[in-house]
Structure formats: C-alpha cells, structure tokens
Amino acid sequence: MEILPFQTAGLGDTSYLLASDGEAVLVDPQRDAWRFLEAASKRGWRVTHVIETHVHNDYVSGALETRAASGAEIVAPARGGYEFETIGADEGDTLEVGGIRLTAAATPGHTPEHLSWFVTDAGQAAAPIDGGDVAGAATVPTAVFSGGSLLVGSVGRTDLLGLTLAPALAADQQRTLRRYAALPDSVSILPTHGAGSFCSAGPVTGRWYTSIGVERGSNPVFAAAEAPEGAFRSLLAAGLGRYPAYYAHMAGINRTGPRILGALRLPGPLTPEAVADAVTRGAAIVDGRDRLAFAAGHVPGSINVELDTDFASYVGWLVPFGKPVVLVLPEPAEEAAVEAVTQLLRIGYEWVPGWLGGGIEAWGAAGRELASYAVTSLQEAAAADDATILDVRQPREWRDEGVIPGSRQIFVADLPARMAELPRDRPVTVLCRTGYRASIAASLLDGAGFDVRLVARSGAPKWPRPLVAPEPTPA
C-alpha cells in the first residue's frame, strides 16, 4: 500500500492517492485534477475510483474532472444529494482497490452526510473494536480517511450550513468523535482539512497526518468528546473564526456538478484599453503584486491581494462570486497567471478575461492615472496622533491577542459594508498582524477615497504599548 498526499496550502486541504497492486483511489480531489492523474501515471497507477468524504464547502471538487479523464467511478455519500451519477455509499459499504479494502463509516458532524473511510488489508479478518458501535466497519483499520471529522489538533467545524443546523451537527460531531475514540492509538488519521483551512473549529497544526494516540493526548476538542454536550458545544464554538463568502456557493456547485475543464487554459495579456473596458463592463481588478509595489502605484479602484497561498481565499471573500476578475501580476507574469488562475478555478471563479500586459508600467505609459498611498512603520504609527488606527484582524484575534487602545476594529471582509463608520477628515492607518490583510484593506479604502497609511510589515501584537481587551459586542 502506498499513500501519496497532495497538500494545497492556501485552502488548507489535502487530497490523497491510495495505491495497491497498480490500482489507485483518489480521495477528495480538488478541481485541478490533472495534477493527481499525472502523478498516478508517472507511478504506473490506474485510478479506478474517486472517493468524496462529504459535499465540500471550501472548493470545487475534481471528481468529475477525474472521471472524464480516466473513467474512474465516483463513490460519494448516498445522502449527499448529488445530481450526477455516483455510486452512493453509506455505513458499511466497501470498496476494494488492489489488495486494500476501504469501508465507509457514517461520521456526521462537519456535514450531515459525512463519511469516513477505514483502510484495511482486503484479506484481514473482522475484529471488533472495543467500545465502538462500528457496524460494517468493525475491522480494526490501519488508517482512516477522516475528511472533515477528526483533524490534526482540531475537528471539522459544524456551523457551515447555518446556525439553525449547527447544534444538531455539533451533537453529531461529538458522537462521531466518541466513535473515533474507540479506535486503537496506532490507527493513522488522514484528514482532508489541515493547517490554514477555514473548515476547522480552531487551529490545525502543519502536519498532514496524525494518529488516534497523538490526538487523544493533544487535541482538546477530541479529548472533550466524553464531556457533557453543552460543554463540548461551547468548546467547539470557542475556536470558530470567520470563513470566506464564496463558501456559500460551493456545495451547490458540487451537488449539481461543475463544468468539466479538461485542462488549465490560460487567458492572455490585455492592453490598458482592454482592462479599462472590462472594468466598465463590471470586472474587478485584483492586483497580486507585493504590498509595497502596490502602494507606490496602482490602477485606481484595484484590490491588492498578494499572490501567495491565501490569494484565492481573500479574492473569494471580497470579489462577488461570478464577477469577472482582471489581474495585475508580479513578474514573471505568465508563471504568476498559472498560479492565480489555478487558485481561482479551485473556488469556482472561472471568468478571468486576462491580465494587464506590461504591468503597471504599461498602464502609466498609456497616459492613464495611477493611484498611490503612504506606507508607515508600526513605530511611526504609534507616535502619530493625527490618524485613526484601523485593525482588520479576525474577531477571535482581537479577543485572544488584545486590541490597541482607541483603535477601530473592522474585519477586512466586513470593510466594504462598514466604511461609513470611519472618519474622512483625518488619515486612516491600517494594520493587521503581519500586513497581508492590512494591504487588502488599505487598497479598499484607497479606492473609496480615504487618506490611507499602511503598516506594511508588522501588526497589532507588536504594538509598543500594552494591548487591551476589545469592547464587548452589542447583543
């Protein structure tokens, strides 16, 4: 048996190839499935099946892409409501790949239809698991594909389908964790959601795998599985942060089935006139350059989301779903375009007309206006008394780390709807934790006509004077 993980850092997810005797199964693939199939082909593996542990809320699935390219059958939760052909699986259903058997276990909580998949030797005799009602999955597994149930240091969040369903899903998640707790310490856990995922109920460590024994000793939510239901629910809720707006569209796309792409197809460079025309017709300009380069000169009204692993998540938070996205890219532009377009396709942003050919220099050379704003240091911001300090971190960061006395706190994703709360008669100095989100917020404020100063390389936790607890949020 061989397991090949594929980590996608920005979305905090891991897809897997599990292979035995030349056959392979692909678990929870993202939309750019050609990378998985290429890896399988290089190793001489034939992908026979795609397994979905649940209907994904954070990315567009690559299951249909995989089937179209390889003929692999799709095995998905029978209760997932899929509108295209799948092999519906539920508690106790099995799948054999080479000499490996995978057995489905119903593990609701992260989503109602969620399945985990127990991995055993196909010739292994059944052996009951002490204390577990593991009917149909009673063989002690060597590993479990846990999807969004048990994670490395945390568990899958239970509020993505709305606050109405959250209490029942939290109760389901607690029962699921009790079921996991019946497994031996030696069992390996291979989750889909990992570090950086907004699908987790609290911080996830950087490793892509764990074990029951490790989680039993270090995962506070897993350890609370035997706690009273109310206490467990409170602990689960305490770790929740905000999640991107694009999530609202993912489950629907994954149930109906996304458009099959076949391969990555890049748009081309655009002239400044074509970019301006695209904006006139409703496109957003997203500038993926470094925050300092953006502050020094940019297309008026563009949004600065640096092209790193978090790029797609913040585009999906701030650019309305379905809106065309024109890019301004760092050099080398074509290489950057591959990364940007791939990230956007993973979250369903398919309409990318192109990128500004020749970069910001071409925009200026065409005689078009350039905007800019000031960059300041944390020390200069602390010494100044003529500006509003705006902290755009997540609410849980304000709570856990404290806030700057006298500052305003508006999470970056809420800023477009709350700009009226900020004064326009004085500069606004924007900061976060490291400068990444502050640069996004500064670009939004600049586009709205504010006098902006960006703290580019540090943030609130390094403020030279003591931080304080945030004001209570009005009920």
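**Close-up views of a predicted model**

View 1. Strands β21 and β22 are paired in the parallel sense over four bridges, where two strands count as paired if DSSP finds at least two bridges between them, and where helices (H or I, at least four residues) and strands (E, at least two) are DSSP runs numbered from the N terminus. This is a predicted model, in which local features need pLDDT of at least 70 and side-chain atom pairs count only at pLDDT 80 or more, while totals for chains, interfaces and linings use all residues. Residues are numbered from 1 along each chain as its sequence is written, and side-chain values use heavy atoms, with hydrogens and water left out. In β22, Leu-454 is the bridge partner of Val-430. The open sheet holds five strands in the order β18-β22-β21-β19-β20, with parallel pairing. Because β18 (374-376) and β20 (408-409) stand at the edges with a single partner strand each, one side of each is left without a neighbour in the sheet.

View 2. Three bridges join β18 to β22 in parallel, and Thr-376 has Val-455 of β22 as its bridge partner. Strand β19 (residues 388-391) is joined to β20 by two bridges, also in parallel, with Arg-408 of β20 as the bridge partner of Leu-390. Strand β22 is mostly covered, since six of its eight residues are buried (buried means under 20% relative accessible area, exposed over 50% and partly exposed in between, with a 1.4 Å probe and protein chains only). Helix α16 (residues 436-447) lies across β19, β21 (428-432) and β22 (452-459), and runs at about 150° to β21; axes are lines fitted to C-alpha atoms, for helices over the stretch in contact, and angles run from 0 to 180 degrees between N-to-C directions.

**View 3. The packing of α3 with α6.** Helix α3 (residues 166-181) packs with helix α6 (residues 229-238) at an angle of about 105°, and their axes are 10 Å apart. The angle makes α3 roughly perpendicular to α6, a term for angles of 65 to 115 degrees. Contact, meaning heavy atoms within 4.5 Å, is made by residues including Pro-167, Ala-170 and Leu-177 of α3 and Phe-232 and Leu-236 of α6.

**View 4. The surroundings of the buried residue Arg-157.** Arg-157 is found in the loop between β10 (143-147) and α3, and is buried, with a relative accessible area of 2%. Not counting residues up to four places away in sequence, Arg-157 touches residues among them Gly-109, His-110, Phe-198, Cys-199 and Tyr-243. The C-alpha atoms of Arg-157 and Val-55, which are 102 residues apart along the chain, are separated by 14 Å.

**View 5. Leu-415 in the largest nonpolar core.** A nonpolar core is a set of buried Ala, Val, Leu, Ile, Met, Phe, Trp, Tyr and Cys residues joined through side-chain atoms within 4.5 Å. Among the 63 residues of the largest such core, Val-305, Leu-327, Leu-415, Ile-440 and Leu-445 touch the most other members. Leu-415 touches Leu-390, Ile-410, Leu-422, Ala-441, Leu-444 and Leu-445, residues up to four places away in sequence not being counted. A second, separate core of 23 residues includes Trp-45, Val-47, Ala-72 and Phe-84.

Key
Parallel < 35°, antiparallel > 145°, perpendicular 65-115°, else oblique.
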